[in-house]
Amino acid sequence: MAFIHFLALLAVLQYLYFGVLVGRARLRYHVKAPAVTGDENFERAYRVQMNTLEQLIIFLPALLIAGHYVPGLWVSALGVAYLVGRMLYGRAYVRDPASRGPGFIIAMVANVLLLLTGLLAILF
């Protein structure tokens, strides 16, 4: 279970990292708070952070609940897939939003499988 908790903390650190990238983009592209629009490059960094937040609210409880009921290797593999998918998504979206699909799909499939794993483990 310790590794699953480690993955949960890595996910939060990844989110914080994306937040730092947004702050740097604010400075680089002169987008003053509280604005969330302006230069397209800033908006891309901002969308990565916000979409990650949207996925994180699914990931954390799904990971922790599944990890409580199911052997750690399966759950850990899904947790790693989520983190890798989010990183791929973030890099692709900043470069070219049209290329974000593979990273998004990897993270979303990991989230759905974690949710199903947790639900099925609790029910059966």
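Helices (H or I, at least four residues) and strands (E, at least two) are DSSP runs, numbered from the N terminus. With that in hand, colour the chain by secondary structure: you get 4 helices and 0 strands, in the order α-α-α-α as you read along the sequence. Bear in mind that this is a predicted model, where local features need pLDDT of at least 70, side-chain atom pairs count only at pLDDT 80 or more, and totals for chains, interfaces and linings use all residues. Residues are numbered from 1 along each chain as its sequence is written, and side-chain values use heavy atoms, with hydrogens and water left out. Zoom out, and the C-alpha trace spans about 55 × 25 × 20 Å along its principal axes.

**Stop one: the loop between α1 and α2**

Select H30, which sits in this loop. Its phi is near 60 degrees, a positive value in a residue that isn't glycine. Now go to P34, in the loop between α1 (2-29) and α2. The peptide bond joining A33 and P34 is cis, with omega about 10 degrees.

**Stop two: along α2**

Select residues 40-69, helix α2. At its start, a side-chain oxygen of D39 comes to within 2.7 Å of the backbone nitrogen of N41. Where is the kink in α2 centred? Pick Q55: the kink there is about 30 degrees (the bend at a residue is the angle between axes fitted to the seven residues ending there and the seven starting there). Try the distance tool too: the end C-alpha atoms of α2 are 43 Å apart, which agrees with the 44 Å its 30 residues should span at 1.5 Å a residue (the expected span is 1.5 Å times one less than the number of residues).

**Stop three: how the helices pack**

Axes here are lines fitted to C-alpha atoms, for helices over the stretch in contact, and angles run from 0 to 180 degrees between N-to-C directions. Under 35 degrees counts as roughly parallel, over 145 as roughly antiparallel, 65 to 115 as roughly perpendicular and the rest as oblique.

Show α2 with α3 (residues 72-95): they pack at about 175 degrees, axes 10 Å apart, so α2 is roughly antiparallel to α3. Contact means heavy atoms within 4.5 Å, and the residues making it include V48, L56 and F59 of α2 and Y82, Y89 and Y93 of α3.

The angle between α1 and α2 is about 170 degrees, with axes 9 Å apart, so α1 is roughly antiparallel to α2. Their contact residues divide into 22 nonpolar, 6 polar and 1 charged (Ala, Val, Leu, Ile, Met, Phe, Trp, Tyr, Cys and Pro count as nonpolar, Asp, Glu, Lys and Arg as charged, and the others, Gly among them, as polar).

Last, show α1 with α3. They pack at about 10 degrees, axes 10 Å apart, which makes α1 roughly parallel to α3. Among the residues in this contact are F3, L7 and F18 of α1 and V75, L83 and M87 of α3.

Note on methods:
A polar contact is a pair of N or O atoms within 3.5 Å; within protein, one must be able to donate a hydrogen and the other to accept it, and residues adjacent in sequence count only if both atoms are side-chain atoms.
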